[in-house]
Amino acid sequence: MLLSQNSMLVLSKPNHKQEIIVKTMAGMEEILAEEITSLGAEHVEILNRAVKAQASSSTIYRINLCSYFALRVLVPIHHDVIHDEDHLYYSVKRINWTDIISPEQTLAVRSSVNSEYFTNSHYVELKTKDAIVDQFTAKFGKRPDVDLDDPDLVVNIHIYRNALTISLDSSGGSLHKRGYRISSTVAPINEVTAAGLIKLSGWNHEDTFIDPMCGSGTLLAEAILQKLRIPPQPINRKFGFQQWSNFNQEEWEEVVGQAIEMQLDIPDFKVYGSDLDDRAIECAEYNLAEAGLGRYAEIQKKDFHHYAETTKAHLIFNPPYDMRIESDDIIAEYKKIGDTLKQKFKDSQAWIISGNLDALKRVGLRPSKKMNMMNGPIESKFYKFEMYAGSKKAKYNK
Ligand SMILES: C[S@@+](CC[C@H](N)C(=O)[O-])C[C@H]1O[C@@H](n2cnc3c(N)ncnc32)[C@H](O)[C@@H]1O
């Protein structure tokens, strides 16, 4: 079944809406659906680690620039049913690639394969690339080169059982790379995960945002971006859609202009970060300064247990799990975290993401919300702890 042979022509019609698949992290599908709806997408449907919708070209540009929770925005151009590599080769050849890129441009093929018919995703990528470049060689005697690091066109192959979807990757590279994390500590959290945790925690943008184990400062940066409605992507990033033959510079400039207009200017707004480790402080300060967000963050070297009493705080942090960062006594450390929360952060809430469930259980506060999360490859829990002030009884386990 061939649905659309030439999406580039379709996309270039003004206001034409076309199917998009927006990829995200597990657990973030709903907040992504809500977000892309607010950015102009229609008929939004939730999938596994992705959201499907209809979008015009300017909405595709806007999602790429402004989404905090998207990993990449794919534009499907071809669906087929295939059973082997030769079948894949001929199916890929049915698309008119010479309308999509020129022989002077570069290309990369990426795939996700879950199929009993196709077990080697590298071979799937190779076969797809061959089908594309053979079309050019036959027509022009020259062909696009492969460039895995900085390609002009990223072709995405998705095979589930025998169902093939070929998409163009409008993002080019993964959108978790915001360009601000230049320096990194041992176990940094992914930027899209950090953004999602902040949203899922329901931060009201009023209570004081604190990451008391801030590492390279990812949660701090994402909190500032969300609060001030700053697009997470730098406007000079090279997006995939900008290399397409139908790229509309005027539409893009309009999208950028609207995003800049939406930004808030709150000079006295601040988030607070701290860490035990000198190198982490250096990293966080450097990254936030590079992102142009330095004046909104107060970062200091401090042991979490040495905080002064603070109220109306919204803490989000990922303490060491005793995995990538080892610990002498992880259980005692989490127990101490719970003690500090009870003693120092009254009338506040703390959200902790951890891949160490045994340790998390020893915080000694009863979580009022629990979510399952992935922190990279690590299955994790994201727990909310509420600490009350005065007569209202805190939810302590003991
Ligand atoms: C998993 S890393 C946090 C990574 C961070 N979210 C990022 O994106 O880079 C945990 C951090 O907790 C810090 N840490 C551990 N115990 C601490 C304590 N008692 N007080 C302050 N920081 C602590 C470590 O130095 C480390 O940087």
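1. The partner strands here are E1 (residues 18-23) and E3 (residues 50-55), which run antiparallel and are joined by six bridges. Two strands count as paired if DSSP finds at least two bridges between them. Strands of a sheet pair through backbone hydrogen bonds, either parallel or antiparallel.

2. Before going further, please note how to read the model. Residues are numbered from 1 along each chain as its sequence is written. This is a predicted model, in which local features need pLDDT of at least 70, side-chain atom pairs count only at pLDDT 80 or more, and totals for chains, interfaces and linings use all residues.

3. Residues are in contact if their C-beta atoms, placed from the backbone, lie within 7 Å.

4. H5 also meets a helix. The axes of H4 (residues 85-93) and H5 come within 9 Å and cross at roughly 40 degrees, which makes H4 oblique to H5. On this scale, angles under 35 degrees are roughly parallel, over 145 roughly antiparallel, 65 to 115 roughly perpendicular, and the rest oblique. The crossing of H4 and H5 is right-handed; that word applies if the near helix is turned clockwise from the far one by less than a right angle, and left-handed if anticlockwise. Among the residues that meet are Leu88 and Tyr89 in H4 and Ala131 and Ile132 in H5. By class, this contact has seven nonpolar, two polar and four charged residues. Here Ala, Val, Leu, Ile, Met, Phe, Trp, Tyr, Cys and Pro count as nonpolar, Asp, Glu, Lys and Arg as charged, and the others, Gly among them, as polar.

5. How do H3 and H8 cross? The axes of H3 (residues 57-66) and H8 (residues 249-262) come within 9 Å, at roughly 45 degrees, so H3 is oblique to H8. H3 passes H8 in a right-handed crossing. The residues that meet include Tyr61 and Leu65 in H3, and Trp252 and Val255 in H8. Sorted by class, the contact of H3 with H8 holds seven nonpolar, two polar and three charged residues.

6. Next, look at the other sheet. Seven strands form an open sheet with mixed pairing, in the order E11-E10-E9-E12-E13-E15-E14. E11 (297-301) and E14 are the edge strands, each pairing on one side only. From one strand to the next, the twist averages 20 degrees. Within the sheet, E12 (residues 313-317) and E13 (residues 348-354) run parallel and are joined by four bridges, and Phe317 stands opposite Ile352 in E13. H7 packs on this sheet, touching E9 (208-211), E10 (271-275), E11 and E12, with its direction at about 175 degrees to that of E10.

7. E14 (residues 369-375) and E15 (residues 378-387) deserve a look too: they run antiparallel and are joined by seven bridges. Asn375 stands opposite Ile378 in E15. Their hairpin has two residues between the strands, and Gly376 takes a positive phi near 60 degrees.

8. Finally, step back to the domains. The assignment, automatic or from a database, gives domain 1 (7-169) and domain 2 (191-229 + 266-387). Their C-alpha centres lie 36 Å apart. Nine residues of domain 1 are in contact with 13 residues of domain 2. The side of domain 1 that touches domain 2 has seven nonpolar, two polar and no charged residues.

How values were computed
Two residues are in contact if their C-beta atoms, placed from the backbone, lie within 7 Å. Axes are lines fitted to C-alpha atoms, for helices over the stretch in contact, and angles run from 0 to 180 degrees between N-to-C directions.
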